[in-house]
Amino acid sequence: MPTAVSNVSRPIRMRVDSAALRHNFTRARQWAGAANLWAVIKANAYGHGQFQAARALDDLADGFALLETENAVALRERGHRQPILLLEGFFAPQEIAALARFDLTPVIHAPAQLEMLAAASERPARAYLKLNTGMNRLGFSPEEAGAARQRLETLGIRHLTLMSHFAEADAPAGIGAQLRCFGSFAADLGLPISLANSAALIRYPESRGGKDDWARPGILLYGGSPFADTTAAQLGLRPVMTLESRLIGIQTLAAGDRVGYGGVFQAEKPMRVGVVACGYADGYPRHASTGAPIAVAGVLTRTLGRVSMDMLACDLSPVEDARVGSPVTLWGEGEGGAVDADAVAAAANTISYELFCAVAERVPRENA
Ligand SMILES: *Cc1c(COP(=O)(O)O)cnc(C)c1O
């Protein structure tokens, strides 16, 4: 039953910009050349909303990649007809019938999955065979690949793609060793391949593949940079998520006054401090130290002191006309100004992936 005061009384909002998502996908297409593109929409499209992301990309993406069979089935039920890749395959035998029925493509990465497939009465027509080329997370060793491939084909799963995942595509070490390991086995098998995440897609053309192959960009679609040394704007990407709120209080400090829990920020001179309706229970990183970028009333400034559960403080020294109710952008592009999510993440010693995924359920969402 609607209440007189709805749950949108608190000013914090998360907005998702579908046009920016489509723009970023088009950037991915430029990097991909002839290769096909999975739009990676796992983890609820990195916190952006998987169904909204799939709708926005439906006419652009060659396929969607995610984790859970039930979410893949939900996409089918919403009318998405393109290939769907399950990045960790299936977890239990009960899922296998749905793979066949809804034409889902599981990643097969372990012998236990082969046993489950062998015992199943219905099997999917296609699969990705995942090789462990050095990340040591999921996958068969390259030496096991031939036998695993044969087993899948014997089970009637004949549309196979060979896959691996890079551990350091965003780092100086790069992909050379893993690519060599992959190449020494993949060449013999003569299957289509799928290797590149966002970082490899942008930086390593040799990992993208050709017209039968598939790249798997995630973060770049959401306007995050996979690199510490290159901003999303430099890559021609646009922010998709905006987290915004308003000032709900203003304090005037004298030199020596301190702010928030632990009093870890201390004013050196008289200053005004803004209190923002956003805290770690909204998904703002508690480990952001004094100095994380934040925009108030169109002016870029910095956070101050510790982030509380429901509030955080910011420096109003450069924001002369700030008042209670002034718009604040935590990240993205909002009424309060523009703030690079990667810079906020760096201030909290993390990556934008984590920020996007962590926006809390209690934050109302708006779709633009
Ligand atoms: C998450 C994921 C991706 C996408 O990675 P980004 O760094 O976000 O581009 C690609 N492949 C696999 C296997 C993944 O799990």
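This is a predicted model: local features need pLDDT of at least 70, side-chain atom pairs count only at pLDDT 80 or more; totals for chains, interfaces and linings use all residues.
Me: Where in the chain is Asp103 found?
Reply: In a loop. Helix H5 (96-101) lies on one side of that loop and strand E5 (104-108) on the other.

Me: What makes Arg76, Ala98 and Arg126 contacts of Asp103?
Reply: Contact requires heavy atoms within 4.5 Å. Arg76, Ala98 and Arg126 are in contact with Asp103, leaving aside its neighbours within four places in sequence.

Me: How far is the C-alpha atom of Asp103 from that of Glu168?
Reply: The separation is 32 Å. Along the chain, the two are 65 residues apart.

Me: Why is H6 called roughly parallel to H7?
Reply: Helix H6 (residues 111-119) and helix H7 (residues 145-154) pack at an angle of about 15 degrees. Angles under 35 degrees count as roughly parallel. That makes the pair roughly parallel. The axes are 10 Å apart, and the crossing is left-handed.

Me: Which residues meet where H6 packs on H7?
Reply: H6 brings Leu114, Glu115, Leu117 and Ala118. H7 brings Ala148, Arg151 and Leu152.

Me: What makes Tyr284 and Trp331 stand out in the largest nonpolar core?
Reply: They touch the most other members. This core has 112 residues. Helix H1 (residues 18-32) gives the most to it, with six residues. Domain 1 (18-231) and domain 2 (241-367) each supply at least three residues.

Me: Which residues is Trp331 in contact with, leaving aside its neighbours within four places in sequence?
Reply: Among them are Met241, Leu243, Tyr284, Pro285, Val339, Leu355, Phe356 and Val359.

Me: Which residues does the second, separate core include?
Reply: Phe265, Ala267, Val273 and Leu304 are included. That core has eight residues.

Me: What share of the protein chain is buried?
Reply: Buried residues make up 54% of its 368 residues. Each of them has under 20% relative accessible area, the cut-off for buried.

Me: How many helices and strands does the protein chain have?
Reply: Eleven helices and 19 strands. The C-alpha atoms fill a box of roughly 75 × 55 × 35 Å along the principal axes.

Definitions and conventions
Residues are numbered from 1 along each chain as its sequence is written. Side-chain values use heavy atoms; hydrogens and water are left out. A nonpolar core is a set of buried Ala, Val, Leu, Ile, Met, Phe, Trp, Tyr and Cys residues joined through side-chain atoms within 4.5 Å. Buried means under 20% relative accessible area, exposed over 50%, partly exposed in between (1.4 Å probe, protein chains only). Helices (H or I, at least four residues) and strands (E, at least two) are DSSP runs, numbered from the N terminus. Domain bounds come from an automatic or database domain assignment. Axes are lines fitted to C-alpha atoms, for helices over the stretch in contact, and angles run from 0 to 180 degrees between N-to-C directions. Angles under 35 degrees count as roughly parallel, over 145 as roughly antiparallel, 65 to 115 as roughly perpendicular and the rest as oblique. A crossing is left-handed if the near helix is turned anticlockwise from the far one by less than a right angle, and right-handed if clockwise.
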